[in-house]
Amino acid sequence: MKITMSGKQMSVRSSLRELTEKKLTRFDRFFGEDAEATVVFSCRHGLQYVEITIYYSGTIFRCEEGADTFQNAIDEALEALERQIRKNKTRLEKRLRPAAFEPIPGDIEEAEEGEFQIRTKYIPVKPMSVEEAILQMNLLEHQFFVFRDAQTEKPSVVYRRKDGNYGLITEE
């Protein structure tokens, strides 16, 4: 696995790089050599955060965890990633390495998710500005809102970010 590490407004110590590389080797059983991992370290709100994103075979695995130390944050992030993989084991078996899910002594077996429960909802998508869409999203108390951008006529989504700000997703 190819690993890229960076820090937001900080430099990453070599000891932290080595620790992260060592701990990420436990994912070699799931991914092939062409997997790419991006690890971003940051400090905010008095905590140390680790964001890990793994790209493999067209699938993206991502998690972000914060803790009192980077080592604890790395451990929590790796546990969260492994939980994601195990929870979706059946759906992922075709995309991951063939021997990825062979039991390892001492491994904890996660309860697997069943079939997806999908509720379909039809909404009129009318043209509006981004500001109007954010207002509508807040009035509905939703986490995201789908609309057609009045200027570009393209379908777009506004969403509330974890940091309290807003995000916009639109097609190119």
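User: What does the lining of the second largest pocket have, by class?

Analyst: By class, nine nonpolar, two polar and two charged residues line the second largest pocket. Here nonpolar means Ala, Val, Leu, Ile, Met, Phe, Trp, Tyr, Cys and Pro, charged means Asp, Glu, Lys and Arg, and the others, Gly among them, count as polar. Keep in mind that this is a predicted model: local features need pLDDT of at least 70 and side-chain atom pairs pLDDT 80 or more, while totals for chains, interfaces and linings use all residues. Residues are numbered from 1 along each chain as its sequence is written, and side-chain values use heavy atoms, leaving out hydrogens and water.

User: How much space lies in the second largest pocket, and which residues are closest to its centre?

Analyst: About 330 Å³. Of its 13 lining residues, Lys-121, Ile-123, His-142, Phe-145 and Val-146 are the closest to the centre. Helix 4 (130-140) and strand 6 (144-149) each give two or more residues to that lining, and strand 6 gives the most, with four.

User: What makes something a pocket?

Analyst: On a 1 Å grid over the protein atoms alone, a pocket is an open set of points with protein on both sides within 12 Å along at least five of seven lines, and a lining residue has an atom within 4 Å of a point. Points are joined across faces, edges and corners, and the volume is the space filled by probe spheres set on them. For the largest pocket, that gives about 410 Å³. Arg-44, Glu-64, Arg-161, Lys-162 and Asp-163 are the closest to its centre. Its lining has three nonpolar, two polar and eight charged residues.

User: Why is strand 3 called largely enclosed?

Analyst: Buried means under 20% relative accessible area (exposed is over 50%, partly exposed in between, with a 1.4 Å probe and protein chains only). Seven of the 10 residues of strand 3 are buried, so the rest of the structure largely encloses this strand.

User: How do you know that strand 2 and strand 3 pair?

Analyst: Pairing takes at least two DSSP bridges. Strand 2 and strand 3 are joined by nine and run antiparallel, so by that rule they pair. Strand 3 and strand 4 also run antiparallel, with nine bridges.

Technical notes. 1 Å grid on protein atoms, 1.4 Å probe; cavity = no way out; pocket = protein on both sides within 12 Å on 5 of 7 lines; lining within 4 Å.
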